Amino acid sequence: MTVQDVRSFNRFYTNVIGALDYGRRLYAPYTLTESRVLYELAHAPRTDAADLRAQLHLDAGYLTRILNKFEEDGLVERGPSETDPRRRRVTLTASGREVAALLDERARQSVGAMLDTVRAEDRPRLADAMRTVRTILGDGRASRPEDVLLREPAPGDLGWIVQRNAALYAAEYGFDADYEGLVARIVADYGEDHDPHLERTWIAELDGRPVGCVMCVRDDAPGAARLRLLLVEPDARGLGIGDRLVGALVAFAREAGYREVVLWTNDILAAARRIYQRHGFVLVAEKPHRSFGRDLTGQDWRLDLHATPG
């Protein structure tokens with residue numbers, strides 16, 4: 001392979017995805033770089049400017065000009081970081097989220113139209129080829145937290161949630177098929193009828209594959225959201241994915257106007273409980289029960305969204 005081979009492929013692929021064709025209004029009125037910054041902000045509830053610069057390998061002055069433009073357009077707000085006052089936290093406003101969602105939808109439609117031209121029997125080969133390129137050019141480096149993207153579910157992802165929950169909980173905790181039935185009902189109810197303004201599902205994606213998920217649904221109690229089906233694949237743990245998923249859900253619930261987030265779990269799920277505690281959830285009740293072929297202790301946790309963070 002030569003340099004010319006790589007450059008030729010780059011020109012081919014940028015033409016295929018329309019990266020340079022602003023006449024299609026794929027990114028308009030923003031550039032590809034500006035759209036990527038919006039995408040990263042939309043998929044990370046709390047982002048520092050320094051993190052953005054490192055993730056996207058952007059010049060500090062260039063990123064500052066982009067953020068200044070976004071602030072003038074009412075798309076972002078900046079303030080001191082909650083963890084380091086020397087850093088600047090950047091968050092999308094409601095208008096910024098609308099713009100990011102519009103650009104994301106345009107990109108989805110564009111890629112969907114491209115995939116419509118690919119025969120079904122050729123799609124697995126295409127996916128394998130893309131993974132091969134990422135693996136080889138990644139030089140075997142370990143995955144990093146910034147490699148993980150949080151996105152909305154694509155076709156097939158809801159089925160993945162059911163399958164992976166059933167398989168992982170059977171392998172790690174010995175749950176029987178009753179648990180799979182419970183997960184299937186939760187996911188089916190969400191898929192058939194959910195309000196996108198009040199309910200949402202996040203998929204964590206790493207190297208083109210789903211590695212985690214969480215769902216936010218309305219609870220029976222007025223003003224309460226319920227966190228359900230938090231999961232992170234074993235080979236993707238240690239990258240802070242669970243924290244990011246729960247953080248995204250809490251930010252969404254607060255923005256949607258909920259007064260609290262509640263969840264039910266079992267005491268054997270120690271890693272998940274530590275995540276909930278870090279985000280301010282408090283244990284309010286627990287009770288022994290026999291479910292999923294195991295003797296368990298069920299726990300109810302609650303997060304008051306109106307409480308002042310301690």
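This is a predicted model: local features need pLDDT of at least 70, side-chain atom pairs count only at pLDDT 80 or more; totals for chains, interfaces and linings use all residues.
**View 1. Helix H2 meets helix H5.** H2 (residues 32-42) packs on H5 (residues 94-116) at an angle of about 110 degrees, and their axes sit 9 Å apart. That angle makes H2 roughly perpendicular to H5. Look for a left-handed crossing here. On the H2 side you'll find Ser35, Leu38, Tyr39 and Ala42, and what they meet in H5 is Val99, Ala100, Leu103 and Asp104. Sorted by class, the residues of this contact come out as six nonpolar, one polar and one charged.

**View 2. Helix H2 meets helix H3.** With H3 (residues 49-56), H2 makes an angle of about 120 degrees, and the axes are 11 Å apart. The two helices are therefore oblique to each other. H2 passes H3 in a right-handed crossing. Arg36, Val37, Glu40 and Leu41 are the H2 residues in this contact, and they meet Leu52, Gln55 and Leu56 in H3. This time the tally is four nonpolar, one polar and two charged residues.

**View 3. The buried residues of helix H10.** In H10 (residues 270-278), Ala272, Ile275 and Tyr276 are buried. They span an arc of only 100 degrees around the axis, which puts them on the same side of H10. As a reminder, an α-helix has 3.6 residues a turn, so residues three or four places apart point the same way. The buried residues of H10 pack against strand S7 (224-232), helix H9 (241-256) and strand S8 (260-266). After H10 comes Gly280, with a positive phi near 95 degrees.

Definitions and conventions
Residues are numbered from 1 along each chain as its sequence is written. Side-chain values use heavy atoms; hydrogens and water are left out. Buried means under 20% relative accessible area, exposed over 50%, partly exposed in between (1.4 Å probe, protein chains only). Helices (H or I, at least four residues) and strands (E, at least two) are DSSP runs, numbered from the N terminus. The arc is that of the directions from the helix axis to the C-beta atoms. Contact means heavy atoms within 4.5 Å. Axes are lines fitted to C-alpha atoms, for helices over the stretch in contact, and angles run from 0 to 180 degrees between N-to-C directions. Angles under 35 degrees count as roughly parallel, over 145 as roughly antiparallel, 65 to 115 as roughly perpendicular and the rest as oblique. A crossing is left-handed if the near helix is turned anticlockwise from the far one by less than a right angle, and right-handed if clockwise. Ala, Val, Leu, Ile, Met, Phe, Trp, Tyr, Cys and Pro count as nonpolar, Asp, Glu, Lys and Arg as charged, and the others, Gly among them, as polar.
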